[in-house]
Structures are given as C-alpha cells and as structure tokens.
Amino acid sequence: MTLVYIGLGSNLETPVAQIKSAILALQTHPDLQQVRVSSLYSSKPVGPQDQPDYVNAVASCHTALSPIALLDVLQSIEQAHHRIRERHWGPRTLDLDLLLFGDEQIQLPRLTVPHPYMLERGFVIRPLMDLAPELRLANGHTVKEHVHQLDTSDLVSIDEEE
C-alpha cells in the first residue's frame, strides 16, 4: 500500500458541497483506504482573476493502485462532478490533483509527481500541513518549514458546517 496525497479544489456550483462530495467519493472508493482530509480553505484563484474564489483541501489515503490507475479514479470523480476543461487555470466544479505518490518521482505524458506546482501554492501546502507537518518535501524542507516560505495571507479556513 502506498501513501498518497491528493489536492482538491472547486470554485463553481457550491464549491464546499463539491469538495465534500468528492471527499465522500474518495472515502467510499474500494481501492482507497484510511482517507484523511485537511480543513477546507478559501483562496484567491491562480491565473485568470475573473473567476470566483476557490475552496481547497488535501486528502491522504493508502492505495495499492498504480499511479495511472489512481489518476483514472480521480479523473472519473471529476467527470462525475461535471468537470469541464475550458481554459488553463480556469474555473471548475472540481479539480483533483495527485500531489504525492509515496516517494515516487513520475514523469509521464499524463502525470507528473510530485505535482509540479505544489511547492509554490499556499493553498496546497497549508492544507497539507494539517495532515503531515513533518513530511519531507522534494526541496528538503518539511511541510511545516516550507509553509512559512509562501504567502498564505489569502487563505481563510472555512467552517465545515456550511
């Protein structure tokens, strides 16, 4: 079983509900065990600013799936949430990114792990800190050390009772 981390994001069609529904899909998938989820955070969009703020979280789980098989699962969950890819970094009902797959480094046409932008994104590193503050990142720092190198001033913790 491999420990994996998945980034979740949504900014369309009741984003908190989209994230909670995706979490449920992860928790009930037969090939994913011990699913844990960070707090939910609101963040400003990366890229085009003519879109709503995002709701973000990070989930961890254990799986025996291969990286590509897990990517297929994540993309099927996105499709079930009516994900449409209209423009790069544009608005979306649901975005599920495979951030880390154990200690593996993967360079494939469909998948790059660790996620190529995760170290630059407070909306990934801050929720990751909820789950694994002592996890050592590719840059040699722990998540807890690295979060202080990022601007997370736009992140707002969301009360999950919404």
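A residue is called buried when its relative accessible area is under 20%, exposed when the value is over 50%, and partly exposed in between. The legends below use these words for a predicted model.

**Figure 1. A salt bridge joins Lys44 and Asp53.** With a relative accessible area of 45%, Lys44 is partly exposed. The closest N and O atoms of Lys44 and Asp53 are 3.2 Å apart. Side chains of opposite charge can pair when their charged atoms come close. A search of the whole structure finds five salt bridges, and this view shows one of the five.

**Figure 2. A salt bridge links Arg92 and Asp95.** Here the closest N and O atoms lie 3.0 Å apart. Is Arg92 buried or exposed? Arg92 is buried, because its relative accessible area is 10% and the cut-off for a buried residue is under 20%. Asp95 is buried as well, with a relative accessible area of 14%. Asp95 is placed in strand β5. Along the chain, Asp95 and Asn56 are 39 residues apart, and their C-alpha atoms are separated by 9.3 Å.

Figure 3. An α-helix has 3.6 residues a turn, so residues three or four places apart point the same way. Arg126 counts as partly exposed at 23% relative accessibility, and Asp130 counts as partly exposed at 28%.

**Figure 4. Helix α3 is largely enclosed by the rest of the structure.** This description applies because eight of the ten residues of α3 are buried. Which residues of α3 are buried? They are Gly122, Phe123, Val124, Ile125, Pro127, Leu128, Met129 and Leu131. These buried residues pack against the strands β1, β2, β3 (40–43), β4 and β5, and against helix α4 (143–147).

**Figure 5. The largest nonpolar core contains 29 residues.** Among its members, Leu8, Leu26 and Leu98 touch the most other members. Several elements each supply at least two residues of this core: the strands β1 (2–10), β2 (32–37), β4 (54–63) and β5 (95–101), and the helices α1 (15–28) and α2 (67–80). A second, separate core has 18 residues, including Leu99, Met129, Ala132 and Leu137. In soluble globular proteins, nonpolar side chains tend to be buried together.

**Figure 6. Leu98 is in contact with residues from several parts of the sequence.** Which residues does Leu98 contact, leaving aside its neighbours within four places in sequence? They are Val4, Tyr5, Ile6, Pro67, Leu70, Leu74, Leu111, Thr112, Val113 and His115. Leu98 is also one of the residues of the largest nonpolar core that touch the most other members.

**Figure 7. The second largest pocket is lined by 18 residues.** About 300 Å³ of space lies in this pocket. Leu100, Pro114, Arg136, Leu137 and Ala138 are the lining residues that lie nearest the centre of the pocket. How many of the lining residues are nonpolar, polar and charged? The lining divides into eleven nonpolar, three polar and four charged residues. Leu137, one of the residues nearest the pocket centre, is also a member of the second core.

**Figure 8. The peptide bond from Val113 to Pro114 is cis.** The omega angle of this bond is near 0 degrees. Pro114 is found in the loop between β7 (112–113) and α3. Pro114 also belongs to the lining of the second largest pocket.

**Figure 9. Glu13 and Thr14 have positive phi values.** Where is Glu13 found? Glu13 is in the loop between β1 and α1, and Thr14 lies in the loop between β1 and α1 too. Phi of Glu13 is near 50 degrees, a positive value in a residue other than glycine. For Thr14, phi is likewise near 50 degrees, and this residue is also not glycine. At 54% relative accessibility, Glu13 counts as exposed. Thr14 is exposed, with a relative accessible area of 55%.

Note on methods: Residues numbered from 1 in each chain as written. Predicted model: local features only at pLDDT ≥ 70, side-chain atom pairs only at ≥ 80, totals over all residues. Heavy atoms only, no water. 1 Å grid on protein atoms, 1.4 Å probe; cavity = no way out; pocket = protein on both sides within 12 Å on 5 of 7 lines; lining within 4 Å. Points joined across faces, edges and corners; volume = space filled by probe spheres on them. Nonpolar A, V, L, I, M, F, W, Y, C, P; charged D, E, K, R; others polar. Core = buried A, V, L, I, M, F, W, Y, C linked by side-chain atoms within 4.5 Å. Buried < 20%, exposed > 50% of the residue type's maximum accessible area, 1.4 Å probe, protein only. Helix = DSSP H or I, 4+ residues; strand = E, 2+ residues; numbered from the N terminus. Contact = heavy atoms within 4.5 Å. Salt bridge = Lys/Arg side-chain N within 4 Å of Asp/Glu carboxyl O.
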